[in-house]
Amino acid sequence: NPASVVLRKGLVVFQFSIAIVLIIGVLVISKQLDFMQNKDLGFDKKQKVVVSLSNENAQKHFTALKNELLTQHQIKNIGGVRYYPSQQFLQDMLVFKSGGTMDKGVLIKNNVVDEGFFKTLGIQLIAGRNFTPADTNNQVILSEKSVKDLNLTVETAVGTQVFTGTGDNIEAYNIIGVHKTYINNSLKDEMTPVMT
């Protein structure tokens with residue numbers, strides 16, 4: 001019967017088309033998974049444990065907890081941070097160079113870290129130095145992206161100041177270091193400038 005032959009041929013073409021679509025889908029998903037697993041995030045994500053110290057009492061005892069944990073030979077480093085990579089930054093500020101103003105400022109995400117953060121995550125400092133316990137809140141380390149967005153250079157940024165605020169409420173920050181930019185949000189988003 002000619003109608004059944006046409007139907008049979010049509011079903012074979014339809015099945016073949018579905019098979020091709022499924023193979024293409026598997027290839028796309030495979031490439032996406034490979035990309036996500038092998039993308040250089042700018043930090044070492046292996047063998048890390050995140051412990052949330054979400055209340056004030058726990059945060060007050062962080063140094064004692066850190067010192068106690070570091071006595072364990074299995075623990076290499078401990079770093080404190082307000083927003084760890086992949087966590088949404090809830091603080092940002094408009095930052096400008098000397099001679100600039102807020103209306104020409106660059107929106108930079110603000111994070112708080114201790115001296116163990118960069119070493120623990122393997123984030124490379126490319127200029128200047130790391131934090132020390134003696135540093136004040138006005139000493140900052142900028143990401144390479146922040147330096148670029150502020151039209152500074154990595155070579156000259158360390159030792160200069162950046163500012164935020166207006167009028168009599170201008171706050172100065174001394175740049176003591178520059179770190180390699182790491183991915184601190186979704187891989188779909190553009191890398192954001194960070195000041196720690």
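Tutor: A helix here is a DSSP run of at least four residues, and helices are numbered from the N terminus. The model you see is a predicted one.

Student: In which helix is the place of Val 28?

Tutor: Val 28 belongs to helix H1, which covers residues 2–38.

Student: Is Val 28 buried, partly exposed or exposed?

Tutor: Buried means under 20% relative accessible area and exposed means over 50%. Val 28 has a relative accessible area of 46%, so it is partly exposed.

Student: How should I read a salt bridge, and how many does the count come to?

Tutor: Side chains of opposite charge can pair when their charged atoms come close. In this model the count comes to 6 salt bridges. One of them joins the side chains of Glu 115 and Lys 66, at 3.7 Å from N to O. Glu 115 lies in the loop between strand E2 (106–110) and helix H4 (117–121), whereas Lys 66 lies in helix H3 (residues 62–69), so this pair ties together parts that are 49 residues apart in sequence.

Student: How do Glu 115 and Lys 66 count in terms of relative accessibility?

Tutor: Glu 115 counts as partly exposed, at 31% relative accessibility. Lys 66, at 9%, counts as buried. Both also take part in a network of salt bridges that includes Asp 114.

Student: Which side chain meets that of Lys 109 in a salt bridge?

Tutor: The partner is Asp 92, at 3.8 Å from N to O. This pair links distant parts of the chain, with Lys 109 in strand E2 and Asp 92 in strand E1 (residues 92–97), 17 residues apart. Asp 92 is partly exposed, its relative accessible area being 38%.

Student: What separates Lys 145 and Asp 149 within helix H5?

Tutor: They are separated by about one helical turn, because they are 4 residues apart in helix H5 (residues 144–149). Lys 145 and Asp 149 form a salt bridge, and their closest N and O atoms are 3.2 Å apart.

Student: Which backbone nitrogens does the side chain of Thr 120 reach?

Tutor: The Thr 120 side chain reaches the backbone nitrogen of Ile 78 at 3.4 Å and that of Gly 79 at 3.3 Å. Thr 120 is in helix H4 and counts as buried, at 18% relative accessibility. Leaving aside residues up to four places away in sequence, Thr 120 touches Lys 48, Asn 77, Ile 78 and Gly 79.

How values were computed. Residues numbered from 1 in each chain as written. Predicted model: local features only at pLDDT ≥ 70, side-chain atom pairs only at ≥ 80, totals over all residues. Heavy atoms only, no water. Helix = DSSP H or I, 4+ residues; strand = E, 2+ residues; numbered from the N terminus. Buried < 20%, exposed > 50% of the residue type's maximum accessible area, 1.4 Å probe, protein only. Salt bridge = Lys/Arg side-chain N within 4 Å of Asp/Glu carboxyl O. Polar contact = N/O pair within 3.5 Å; in protein donor to acceptor, adjacent residues only side chain to side chain. Contact = heavy atoms within 4.5 Å.
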